[in-house]
Amino acid sequence: MNSLIRILTEKVISQIAAGEVVERPASVVRELLDNSIDAESNRITIRIEKGGKGLIKVTDNGVGMNRDDLLLCLERHATSKILTISDLPSITTLGFRGEALPSIAAVSRTEITSRPADELVGYKLKVAGGKLKSIDETGSPVGTDVEVRDLFFNVPARRKFLRTVKTETDHIIDTLTRIILPYNNIHIKLEEAGKTLLNLPGSENPLNRLSTLFGRDVAASMTEGFKKNGEMAVRTYLASPDLSRNRGDRLFIYVNGRNIRDRLITRAVMEGYGQRLMKGRYPQLVLYIEIDPTLVDVNVHPTKQEIRFHQSHRVFQTIVNTIASTFGTGFAGHYEPEGPKSGSKGFEPSNGMTMAEPEWAYTGPEAAEILPSEREVRQEYLVKEIPQILGQLKETYIVCQTRDGLLMVDQHAAHERVVYETLKRSHQRSNIESQSFLIPHKLELSLKEGRVVLKNLDQLVKMGLELEHFGGSTFLLRSVPSILVSVNWDDFLHDLIPLLEEEGDITRDRALDALLTMMACHGALRAGQRLSQEEMAQLLRQLEEVELSTNCPHGRPVLKKFSYGEIERMFKRVV
Ligand SMILES: Nc1ncnc2c1ncn2[C@@H]1O[C@H](COP(=O)(O)OP(=O)(O)OP(=O)(O)O)[C@@H](O)[C@H]1O
Ligand SMILES: [Mg+2]
C-alpha cells in the first residue's frame with residue numbers, strides 16, 4: 001500500500017502559517033500598523049478599498065528598509081527586532097516573530113516601497129502569492145509603504161469566508177482604533193475609497209484618542225488614575241459606573257503599548273469597580289500597564305493578543321487598588337444617595353440610572369414561584385369592575401380592593417407594559433406620534449457608534465426618533481415619540497447606542513422588540529414616583545385597554561392578587 005502521509009509543499013506550508021496570522025483584512029491592518037509603529041513613525045496613513053478586500057495600503061515615515069532588508073523582510077522568521085532567544089523575554093516592540101510580512105505576501109499581491117533616511121533612493125518590491133516578481137530602484141520619501149491587493153486571491157476557500165464590505169470595514173476600524181490608542185503622538189489617518197474616515201493629528205492630549213473609541217461625551221467624563229508598584233505602573237481612564245454596559249466591549253487593556261485580552265485583568269477591573277456596578281454590567285475604561293518586559297511572556301498566541309504575567313497576583317492587586325483609589329478621589333460625587341428615599345436595606349441609589357428599580361420590587365425565582373396563579377388573576381380582573389383604589393404603597397405599588405380580595409399593581413411594570421403596547425401598535429400602523437425638542441439634543445459618538453446610527457437613521461425615524469447627521473460622528477436628536485417626552489435623555493441615549501451597536505440592524509423583529517422594550521422602560525413611570533388618585537385610576541384603565549399578557553416586557557409580573565381566602569388563612573381566621 002502507498003504511504004498516505006506526504007510532506008506538504010513549501011507553498012501549502014506558507015499558506016497554513018499565513019492562516020494563523022491573517023484571518024481577515026483587519027489582521028493585515030493590525031500587522032502593518034504594528035510594523036509602522038515599531039519603525040518609530042510619527043505619521044501613518046491607512047487607505048482601504050472594499051473593506052480591505054480590494055486594497056490595504058499603509059504608508060509611514062519611519063526608519064524604512066534598504067534593498068537588502070526589503071528582500072529579507074519577506075523571508076519567514078526574518079526580523080530586525082530580536083537576535084537570539086535571550087532577547088525573547090525582553091521584547092519592547094509589537095512584532096518579534098518575523099512572520100507577518102511573509103504571511104501577508106503569501107496570500108495577496110503585495111508591493112513594498114521603502115527608503116531609509118541615509119539612502120538617496122528607495123526600492124520597490126513586488127510579490128504575488130508569495131513569489132517575488134521584481135525589485136526595482138524608485139524615487140520614494142523616507143519611510144515605508146506597503147500595498148496589499150486582492151487578499152486571499154489564491155486561497156478561494158478563505159476569500160469565501162470574508163464578510164460584507166461594511167462588516168470588514170467595521171473590523172478594521174475596531175482593530176485600528178484599539179491599536180493606536182496609546183500612541184497619542186503619531187498622526188494617524190484612515191481613508192476609505194478616498195474618503196477620510198479618521199484624521200487624528202498627533203497630540204500630547206490622550207483625550208483625543210479616547211474620543212474615537214468612546215465618543216467625546218464619555219471620554220470627557222473619564223477620570224484618570226495612576227499607581228506605581230515596583231517594576232510596574234498602571235494608568236487608568238475610567239468612565240463613571242453610570243455609563244456601564246451589558247457587554248465588556250469597552251474594556252481596553254494595554255500592556256507595554258500592546259492591546260491584549262486577558263481574563264485575569266478583566267477580573268481585577270471588575271473587582272476594582274466592586275459594588276459600584278450593577279450585576280451583569282461592565283464598565284467603560286482604558287487601562288495601561290507598563291511593566292518590566294522580562295516579567296511578561298508575549299509569545300503565547302499567534303496573534304500576540306494574549307500574554308502571561310510572571311507575578312499575576314501582584315498585577316491583579318495593583319489594578320484593583322488603582323481602580324478603587326481612583327473612585328476614592330475621582331467619583332466622590334456620584335454615590336450620594338438620590339432618588340426614592342426608601343431607607344430600605346440593600347437598595348442601591350439609582351445614580352441617575354433611571355432604569356434601576358428597588359431591589360425589593362420583585363426578585364429572584366421565589367417571587368416567580370409565588371405567582372403561578374397570575375394568569376388567572378389577570379383574567380379574573382379583566383372581566384371584573386375597575387378595582388377600588390385604596391392608595392399607593394411605598395410610592396411604587398397601587399393597592400386596590402376587588403370583589404375577591406387585595407390587588408397590588410407594580411406601577412412601573414404596569415406603565416411599561418402600557419407604553420410598550422402603545423408604541424408597538426403605532427409602529428405597526430406606522431404612525432408613531434413624535435414631538436420636536438425646542439433645542440435639539442447633541443450627541444458626540446465614537447466612530448463605530450456613528451456608523452451604526454447612520455446605518456439605522458431611517459428606521460429610527462420610523463420609531464419616532466429623528467436624528468440628524470451633523471457631520472463626523474456628531475448627531476442631533478431632533479424629535480422623539482410623544483409618549484416618551486419626560487424621559488431622561490442622557491440615560492436613554494446611553495442605553496440606545498449600545499443596543500444599536502449590538503443589534504446592528506433594527507429592521508429585524510428581535511432587534512425592533514429590544515428597542516421598543518428599552519424605550520418603554522425609559523418612558524414608563526418610575527417606582528418611587530408619587531401618583532394622584534386620578535393618575536392611578538388612569539393607569540388601571542390603560543392597563544385594561546392593552547391586550548395583556550401578565551408580565552411587563554422585562555418579564556416581571558405586573559400585578560399580584562391576594563384572595564380573601566389567603567388573607568383569612570394568614571390571620572388564622574380559617575385553617
Ligand atoms: N513599516 C516598516 N518600516 C520599517 N521596517 C519594517 C516595516 N515593516 C517591516 N519592517 C521590517 O521587516 C521585518 C519583518 O516584518 P514582520 O512584520 O514580518 O516581522 P516582525 O514585525 O519582526 O514580527 P511579527 O511577525 O511579530 O510582526 C521587521 O522586523 C522590520 O525589520
Ligand atoms: Mg510585524
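1. H2 and strand E12 (258-260) each supply at least two residues of the lining of the largest cavity. Helices (H or I, at least four residues) and strands (E, at least two) are DSSP runs, numbered from the N terminus. A cavity is found on a 1 Å grid over the protein atoms alone, as a set of points where a 1.4 Å probe fits but cannot get out. Lining residues have an atom within 4 Å of a point.

2. A word on the basis. This is a predicted model, in which local features need pLDDT of at least 70, side-chain atom pairs count only at pLDDT 80 or more, and totals for chains, interfaces and linings use all residues. Side-chain values use heavy atoms, with hydrogens and water left out, residues are numbered from 1 along each chain as its sequence is written, and chains are lettered from A and ligands numbered from 1 in the order in which they are written.

3. Back to the largest cavity. Its volume is about 100 Å³. A volume is the space filled by probe spheres set on the grid points, which are joined across faces, edges and corners. The lining includes Arg30, Asp34, Arg258 and Lys304. By class, it has two nonpolar, four polar and four charged residues. Here Ala, Val, Leu, Ile, Met, Phe, Trp, Tyr, Cys and Pro count as nonpolar, Asp, Glu, Lys and Arg as charged, and the others, Gly among them, as polar.

4. The whole structure has five cavities of 30 Å³ or more.

5. Now the ligand. Around ligand 1 stand 22 residues, and the closest are Thr79, Ser80, Lys81, Glu99 and Lys304. A residue is near a molecule if one of its heavy atoms lies within 4 Å of it. Helix H2 (25-38) and helix H4 (100-106) each give at least two residues to this shell. The shell divides into eight nonpolar, eight polar and six charged residues.

6. Look at the polar contacts (pairs of N or O atoms within 3.5 Å). An oxygen atom of ligand 1 lies 2.8 Å from an N or O atom in the side chain of Arg97. Backbone atoms take part too: a polar one of Glu99 is 2.8 Å from an oxygen atom of the ligand, and a polar one of Ala100 is 3.0 Å from an oxygen atom of the ligand. Taken alone, ligand 1 exposes 590 Å², and the protein buries 95% of that. Such areas come from the Shrake-Rupley method with a 1.4 Å probe.

7. Which helix gives the most to the lining of the second largest pocket? H6 does, with nine residues. A pocket is an open set of points with protein on both sides within 12 Å along at least five of seven lines. This one has a volume of about 980 Å³. Its lining counts 37 residues, and Thr167, Asp170, His171, Asp174 and Lys448 lie nearest its centre. They divide into seven nonpolar, eleven polar and 19 charged.

Technical notes
A polar contact is a pair of N or O atoms within 3.5 Å; within protein, one must be able to donate a hydrogen and the other to accept it, and residues adjacent in sequence count only if both atoms are side-chain atoms.
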